[in-house]
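Visitor: I would like to go through this model term by term, with each label set against its cut-off. Please show it first.

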Amino acid sequence: MNYFTQRPLSGAQSTLSINLLNLSYLFQLKQNSFHFPFIQFYKTSITIWLFVFGLCFSLNSFSQKNIDEAIEKYNEHSVEYISTQQLVQLQKNNKNYSLVDTRLVEEYQVSHLKDAFHVGYKNFDIERVKKQFKKDETLIVYCSIGVRSEQIGEQLQNAGFTNVYNLYGGLFDWFNQGQPIYDSNNVKTNRIHPYDSFWGKFITKGQKVYE
């Protein structure tokens, strides 16, 4: 299943190129200008300010990754993916599978996929999972976007579980596409735990709850 395509030059890269061209032009103006100290100081100050502003803006833009890029960077693709659309289809067809939440308990308590079994991440206990599920059951692991769940999925595979799938884009992509999430009382909610401010930028809707 190939989710990754070649992307064109990003907006941040284009912005950086434009900033560098503008900077080069300003330096040329400086060299061709009259050598009045005040004018030279003024032009040099503006040049430096524009350069710093452009560089900071460009670097900040480079840091804004989408979910696809984050998964490509942080995942090994060692656990087969299942997409949000495929999981929705499984639900419609009443297929047998179990959802496994690999996030921290405080994330799970804010919201999770319906009927998901929480196994955690830092305190993951494979023996507890073995008692809960048969090794030939279909297990769909998920976390915020699919990084932690891949690591837990690897442990499940190493323990002999044969049908393990990683939800591509995790709870964030699921929620971004308008699919329901549930609170600790099993009631639909629009509250979602972003993990932290860096990962929270991938959430495009709902109420972010840092608890």
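Visitor: Which residues touch the most other members of the largest nonpolar core?

Guide: Of the 26 residues in that core, L87, L113, I145 and F172 do. A nonpolar core is a set of buried Ala, Val, Leu, Ile, Met, Phe, Trp, Tyr and Cys residues joined through side-chain atoms within 4.5 Å. At least two residues each come from α3 (67-74), β1, α4, β4 and α8. The most, 4 residues, come from α8. A separate second core has 14 residues, including V100, V119, F124 and V141.

Visitor: On what basis are the values computed?

Guide: This is a predicted model, in which local features need pLDDT of at least 70 and side-chain atom pairs count only at pLDDT 80 or more, while totals for chains, interfaces and linings use all residues. Residues are numbered from 1 along each chain as its sequence is written, and side-chain values use heavy atoms, leaving out hydrogens and water.

Visitor: What is I145 in contact with, leaving aside its neighbours within four places in sequence?

Guide: Contact means heavy atoms within 4.5 Å. By that criterion the partners of I145 include I67, A70, I71, L167, F172, W199 and F202.

Visitor: Why is I203 called buried?

Guide: Buried means under 20% relative accessible area, exposed over 50%, and partly exposed in between, with a 1.4 Å probe and protein chains only. I203 has 7% relative accessibility, so it counts as buried. The residue lies in the loop between α9 (197-200) and β9 (207-208). Beyond four places in sequence, I203 touches F172, N176, I192, H193, P194 and K208. The C-alpha atoms of I203 and H193 are 9.5 Å apart.

Visitor: How do you know that S98 is buried or exposed?

Guide: The relative accessible area of S98 is 16%, so this residue is buried. S98 belongs to strand β2. Outside four places in sequence, its contacts are F133, E137, T138, L139 and I140.

Visitor: What puts the buried residues of α4 on the same side of the helix?

Guide: The buried residues in α4 (residues 84-92) are T84, L87 and V88. They cover an arc of only 100 degrees around the axis, and therefore lie on the same side of α4. The arc is that of the directions from the helix axis to the C-beta atoms. Their cover includes β1 (81-82), β2 (98-101), β4 (138-142), β5 (163-167) and α8 (170-176). Helices (H or I, at least four residues) and strands (E, at least two) are DSSP runs, numbered from the N terminus. Just after α4, N94 has a positive phi of about 55 degrees.

Visitor: Why is the pair of Y81 and Y168 called edge-to-face?

Guide: Rings of Phe, Tyr and Trp (its six-membered ring) pair if their centres lie within 6.5 Å; planes under 30 degrees apart count as stacked, over 60 as edge-to-face and the rest as tilted. The centres of Y81 and Y168 are 5.0 Å apart and the planes are at 90 degrees, so the pair is edge-to-face. The two are 87 residues apart, with Y81 in strand β1 and Y168 in the loop between β5 and α8. Y81 is buried at 7% relative accessibility, and Y168 is buried at 6%. The structure holds 6 aromatic pairs.

Visitor: What makes K201 a charge over a ring?

Guide: The criterion is NZ of Lys or CZ of Arg within 6 Å of the ring centre and within 35 degrees of the ring normal. The charged end of K201 is 3.4 Å from the centre of the F198 ring and sits over it. K205 lies over the face of F175, at 5.8 Å from the ring centre.
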